[in-house]
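I opened my notebook to look up a few side-chain and helix arrangements here. These are my entries, in the order I made them.

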Amino acid sequence: MSRFWNPLVAGLHPYIPGEQPQFSDILKLNTNELPYGPSPAALTAMRESCDNSLRLYPDPTAKALRGVIAQTYDTSIDRVFVGNGSDEVLGHAFRALISPEGPMLFADVSYGFYPVYCGLFDQPYREIPLNARFEIDVEDYAIPCGGIAIANPNANTGHAIPLEAISRLASLQPDRTIIIDEAYVDFGAQSAIRLTEEHDNLLVVQTLSKSRALAGLRVGYAIGHPDLIAGLVRVKDSFNSYPLSRLAQTGAAAAIADEEWLTQTTRQVMATRERFVQNLAGLGFDILPSCANFVLVHHPAHQAGDLLVGLRERHIIVRQLGAPRIRDWLRITIGTDAEMSRLIGALASMGLTTR
């Protein structure tokens, strides 16, 4: 601990992102990036924006981008907020919309940034255990709290809860903000965006890092009641009035507008996921049902750490997470058909055989 640190810093437990290897000849299946490039329309829009206008600050309100998002989801622009990746949007939401009068609630197996934000903002929290099937039961969240965050599909498990359950949760906690983190929603789940018209306490957060293949651009957004959005704007403008560059705003708008590309690409990922799951099952793995671009897997005869090392020796990176209940599970990103075949071949070379 440095004598120059604010005392709060010493007690922080920062989020540890997935490895970004700095060498070639690696199959990277550890951070849930899309294996296909971004929408060509987005790339073209950004190239055409590389001109003298970059000497000017970007629009701090990102009005054009917010307008595209509003049009895409058939809502009004005053119900849309954008930020530097969904991580920043979530951070602002934790700061602006969660009451310190009670603990923040989220699942014991979920996105690892949630407890980090609570530590940063000195927000008490409570982790609610998933059930025996690694699912979220919304009735477990009907307790006094300061707010709730639900990743749907759930980060690290891939399980999705239906819209009826989200609506019930919003009704169970009418005076607390319910954040629905939909980073993976385009891979087989239903978005709760339309429910934000019915529940003024519901904030839906999405990202362009997963299904739109723009993790390197850092753009996320939230949709909810104008009062929630106004709170996010107040925090944003007290921290960084210009979170999105001109290129980010232009590229994001073009990517969101290209719905045909999104549909085609996500269908391809889902088809690959189903084939991969069948192949994994044939090698004796237990696989949780997934509505995300990853699967969480466990092999009863092989420890996750041993599989992790063996795959790395074969230049394949997957992820082992730290939550106690899933330490002996591996999270595997869905790549192309060829990449998943390479992974299956690597597992077979490690002695895992077809049932």
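**Charges over rings.** I count a charge as sitting over a ring if NZ of Lys or CZ of Arg is within 6 Å of the ring centre and within 35 degrees of the ring normal. I am working on a predicted model, so I keep in mind that side-chain atom pairs count only at pLDDT 80 or more. With that rule in hand, I found the charged end of Arg 331 over the ring of Phe 294, 5.6 Å from its centre. I also noted Arg 325, which lies over the face of Phe 134 at 5.0 Å from the ring centre.

**Aromatic pairs.** Next I looked up rings that pair with other rings, taking centres within 6.5 Å as the limit. I got 12 aromatic pairs. For Phe 106 and Tyr 114, I read a centre distance of 5.6 Å and an angle of 55° between the planes, so I logged this pair as tilted. Are these two residues buried or exposed? Phe 106 has 1% relative accessibility, so I count it as buried. Tyr 114 comes out at 0%, so it is buried too.

**Helices α3 and α8.** I turned to helix packing. Helix α3 spans residues 63–72 and helix α8 spans residues 246–257; I have their axes 9 Å apart, at an angle of about 15°. I therefore call α3 and α8 roughly parallel to each other. The crossing of α3 past α8 is left-handed. On the α3 side I listed Leu 65, Val 68, Ile 69 and Thr 72 as making the contact, and on the α8 side Gln 249, Ala 252, Ala 253, Ile 256 and Ala 257.

**Helices α4 and α7.** How are α4 and α7 oriented to each other? Helix α4 (residues 85–97) packs on helix α7 (residues 226–236) at an angle of about 105°, with the axes 9 Å apart. I therefore wrote them down as roughly perpendicular. From α4, the contact uses Val 89, His 92, Ala 93, Arg 95, Ala 96 and Leu 97; from α7, it uses Leu 228, Gly 231, Leu 232, Val 235 and Lys 236.

**His 13.** My last entry is on His 13, in the loop between α1 (7–10) and β1 (27–28). With a relative accessible area of 68%, I mark His 13 as exposed.

Note on methods: Residues numbered from 1 in each chain as written. Predicted model: local features only at pLDDT ≥ 70, side-chain atom pairs only at ≥ 80, totals over all residues. Heavy atoms only, no water. Phe/Tyr/Trp six-rings, centres within 6.5 Å; stacked < 30°, edge-to-face > 60°. Buried < 20%, exposed > 50% of the residue type's maximum accessible area, 1.4 Å probe, protein only. Axes fitted to C-alpha atoms, helices over the stretch in contact; angles between N-to-C directions. Helix = DSSP H or I, 4+ residues; strand = E, 2+ residues; numbered from the N terminus. Parallel < 35°, antiparallel > 145°, perpendicular 65-115°, else oblique. Left-handed = near helix turned anticlockwise from the far one by under 90°. Contact = heavy atoms within 4.5 Å.
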